[in-house]
Amino acid sequence: MAEMNKEVLMVVESVSHEKGVSKDVIFEAIEQALATATQKRYRENARFAVSIDRDSGDYETFRVWEVIDPDRELEEGEEPNPDAELTPEEAAEKDPALGIGDFYRIPVESVEFGRIAAQTAKQVIVQKVREAERARVIAMYEPRVGELVSGSVKKTSRDSVIVDLGNNAEAILTRENLIPRDSFRIGDRIRALLVEVRPDLRSPQLVLTRTTPQVLIELFKIEVPEIAEDVIEIRSAARDPGSRAKIAVKTNDGRIDAVGACVGMRGSRVQAVSGELAGEKIDVVLWDEDPAILAVNAMSPADVKSIFKDEDTHTMTIAVEEDNLAQAIGRGGQNVRLATELTGWNLKVMDEEEAARKQEEESRGYVEYFMKVLEANEDVATVLVEEGFTDVEEVAYVPIEELTNIEDFDRELVDDLRNRARDALLEMEISGEAPGTPAADLLEMEGMDNPLAFKLAAAGVVTMEDLAELSIADLLELNDEVDEERAAELIMTARAPWFEDSEPEEAPVGDAHG
């Protein structure tokens, strides 16, 4: 048994206290270092183990053999090691009680805790301390993913900013997670959202961002106590980082003005959030469960004159005055893009005249659809559309009162319309045709107009794919108002995806040319 230098016990004590690592971790590091030093002295494949008395510092060294299964499969690159392994037969000669997986040990002379062992121990201790610190950082920050954290800038580069969060915790803000106008110097204080903890990487293990909508929400929670107290909710948020943002808020207490509370007296609260985000302009709008009202609010500061909602395509058409069109769309489409993200609906903006024309086209398409499918006259079809009917299935199965309550619709006419609608649906089912409402891709296809789309759908041509499969003669037969040139253009547009899907692969990099 060798006696360890008492100074090393003092080192164990000081390192454990300073780094917050248990003494056992330090002792294990020294044991590993001594075992490594012993192995170097023997210069063979032997294995050694060292056991240190935690109180006295005395230590013993053993040579170790493992009892292995001779029939086991060796891993790739692994070779038998007779200097550190025993077969069950060899082990039985030394100690009959040994079985597969047990270890046979004999005492050997211990090396002194000299310069080489101390240097190796130092390296192992440093590694153990780093591992313990990483584990502590992970345990501390994993529960905080999705929260705002703050720290000081430790290092900046072209691609990232390293942030010191304190307690040996470092985080990284990559360029794509920084606001475009962000500019930081070493020592600057910084707030960002913790989005990821990477347990397997060396520091920095913590990943931050300043660009997601959640950053905006968390900052408002800090500035607006009513949000932290759940009196006010932020229901949705959208951002163009560093430029503009929108949040939709609602109150759970009718006595509180949700928008006013978030804006603050003379805009103090919203300005505080804006200042934290490099001057990002923030629109605070009122949340509404009705998506159309929410869309009107979300288009702020533009003044919406009317709105048309299409449930099938999840689209709303926003009508504004012509001189308000640029503001409604915003620079580069920013305002309507953020409003689209905030509402979850696809918003399209146009001036009142264009919107009225579009609505008239759509209405005309539905009128012709009902005239075709229900064999109704134009007046009856027009009244159905004006009352909000857009599908033959609605006519067939809505509560009968919804039809009989329409002015000039008596019970006889209603029964006749419902019977025709049900007959039409039955014919469609038997023939395998889709109901005569055009799909979104056909309605929005370049060169298509709504009246034509509804006429085609009534004839069973519901999607772009259906149109693509027609010949020019087929299309002319379905609609005699289309000339041959336009028919050809429409069919080629519908077939465009076929050619996109079958484009030849690019030549591999490095192919010789010429």
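# Charges, contacts and a buried helix

User: Where is Glu322 in the chain?

Analyst: Glu322 lies in the loop between β14 (315–320) and α10 (325–329), and please keep in mind throughout that the model is a predicted one.

User: Is Glu322 buried or exposed?

Analyst: Glu322 is exposed, since its relative accessible area is 61%, and a residue is called exposed over 50%.

User: What does Glu322 gather with on the surface?

Analyst: Glu322 gathers with Asp323, Glu353 and Glu354, and these residues make a patch of negative charge on the surface.

User: OK, salt bridges next. How many come up?

Analyst: The count comes to 19 salt bridges. One of them is formed by Glu170 and Lys154, whose closest N and O atoms are 2.1 Å apart. This pair links distant parts of the chain, with Glu170 in strand β7 (residues 169–174) and Lys154 in strand β5 (residues 148–156), 16 residues apart.

User: And how covered is each partner, buried or exposed or in between?

Analyst: Glu170 counts as buried because its relative accessibility is 18%, and the cut-off for buried is under 20%. Lys154, on the other hand, is partly exposed, with a relative accessible area of 44%.

User: Which residue does Arg198 form a salt bridge with?

Analyst: Arg198 forms a salt bridge with Glu196, and the closest N and O atoms of this pair are 3.7 Å apart. Arg198 is partly exposed at 31% relative accessible area, and Glu196 also counts as partly exposed, at 35% relative accessibility.

User: What about Arg235, which side chain does it meet?

Analyst: The side chain of Arg235 meets that of Glu289 in a salt bridge, with 3.4 Å from N to O. As for cover, Arg235 is partly exposed at 35% relative accessible area, whereas Glu289 is exposed at 58%.

User: Switching to rings: how many aromatic pairs does a search of the whole structure find?

Analyst: The search finds one aromatic pair. Trp65 and Tyr104 form this pair, which is tilted, with 5.8 Å from centre to centre and 35° between the planes.

User: Where do those two sit in the chain?

Analyst: Trp65 is in strand β2 (residues 59–67) and Tyr104 is in strand β4 (residues 103–108), so the pair ties together parts that are 39 residues apart in sequence. Trp65 itself is buried, with a relative accessible area of 12%.

User: Back to the surface. Which residues form a nonpolar patch there?

Analyst: Met492, Trp498 and Phe499 form a nonpolar patch on the surface, and together they have about 320 Å² of accessible area. Phe499 is part of helix α21 (residues 484–501), and at 47% relative accessibility Phe499 counts as partly exposed.

User: Why is helix α18 described as largely enclosed?

Analyst: Helix α18 covers residues 450–458, and eight of its nine residues are buried, so the helix is largely enclosed by the rest of the structure. The buried residues are Asn450, Pro451, Leu452, Ala453, Phe454, Leu456, Ala457 and Ala458.

User: And what follows α18?

Analyst: α18 is followed by Gly460, whose phi is positive, near 100°.

User: Two more spots. Where is Pro199 found, and how far is its C-alpha atom from that of Ile138?

Analyst: Pro199 is found in the loop between β8 (189–197) and β9 (206–209), and it is partly exposed, with a relative accessible area of 43%. Although Pro199 and Ile138 are 61 residues apart along the chain, their C-alpha atoms are separated by 6.5 Å.

User: Last one, Ile217: buried or exposed?

Analyst: Ile217 is buried, with a relative accessible area of 14%, and its place is in helix α5 (residues 213–223). From Ile217 to Ser236 the distance is 8.8 Å in space, C-alpha to C-alpha, while in sequence the two are 19 residues apart.

Note on methods:
Residues numbered from 1 in each chain as written. Predicted model: local features only at pLDDT ≥ 70, side-chain atom pairs only at ≥ 80, totals over all residues. Heavy atoms only, no water. Patch = residues over 30% accessible without salt bridge, like charges linked within 9 Å, V, L, I, M, F, W, Y side chains within 5 Å. Areas by Shrake-Rupley, 256 points an atom, 1.4 Å probe, with all protein chains shown as cover. Salt bridge = Lys/Arg side-chain N within 4 Å of Asp/Glu carboxyl O. Lys, Arg positive; Asp, Glu negative; His and termini not counted. Charge placed at Lys NZ, Arg CZ, Asp CG, Glu CD. Helix = DSSP H or I, 4+ residues; strand = E, 2+ residues; numbered from the N terminus. Buried < 20%, exposed > 50% of the residue type's maximum accessible area, 1.4 Å probe, protein only. Phe/Tyr/Trp six-rings, centres within 6.5 Å; stacked < 30°, edge-to-face > 60°.
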